[in-house]
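This report describes a protein structure for a reader who is new to the subject. Please examine the sequence and the structure before reading on.

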Amino acid sequence: MNQEQLRKEVLDVMENNKVGTLATIKQNKPHTRYMTFFNDEFKMYTPTGKDTYKVDEIEANPNVHILLGYNGDGLGDSYIEVEGKAAINDSDSMKEKLWNDELSKWFESPNDPNYVVLEISPTTIRYMNEGNEHTPSVLEL
């Protein structure tokens, strides 16, 4: 698969799959949890609380790993593996952009001081289970 087609396939997975896993590093070991992801092209965003373990872990080590796209429909489901660097974004514009009614379960409003956004800049994206291929296609960013 050429890079242009691969970019389309990866973006399709990102647009059509919003729940995935986010792994951070905690005491030199992976710490994984489910998160909801939004994307702008290949940059990924997920809302969270400022007082969470994941924020502390990212501040200590910004390297993260995301799995997104496997639906469990079969062994051949396509998904992506994302390696990247995370940063805490607490800008009003980003918090407002990602705000939705579901977040009111955890935060008072987009202005809640505990509400922040994790901004993930991918360094490597692997497109997995591409038809009969046994090796992943790696997107060059």
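Phe-107 and Tyr-115 are both buried, where buried means under 20% relative accessible area, exposed over 50% and partly exposed in between (1.4 Å probe, protein chains only). The model is predicted: local features need pLDDT of at least 70, side-chain atom pairs count only at pLDDT 80 or more, and totals for chains, interfaces and linings use all residues. Residues are numbered from 1 along each chain as its sequence is written, and side-chain values use heavy atoms, with hydrogens and water left out.

Rings of Phe, Tyr and Trp (its six-membered ring) pair if their centres lie within 6.5 Å; planes under 30 degrees apart count as stacked, over 60 as edge-to-face and the rest as tilted. By this rule there are three aromatic pairs. The rings of Trp-99 and Tyr-115 have centres 5.5 Å apart and planes at 70°, so this pair is edge-to-face. The rings of Phe-107 and Tyr-115 have centres 5.0 Å apart and planes at 40°, so that pair is tilted.

Helices (H or I, at least four residues) and strands (E, at least two) are DSSP runs, numbered from the N terminus. Six of the seven residues of strand β4 (residues 43-49) are buried, so this strand is largely enclosed by the rest of the structure.

Two strands pair if DSSP finds at least two bridges between them. Strand β3 (residues 38-40) pairs with β4 in the antiparallel sense over three bridges, and Phe-38 stands opposite Tyr-45 in β4. Strand β7 (residues 115-128) also runs antiparallel to β4, joined by six bridges; the bridge partner of Thr-46 in β7 is Leu-118.
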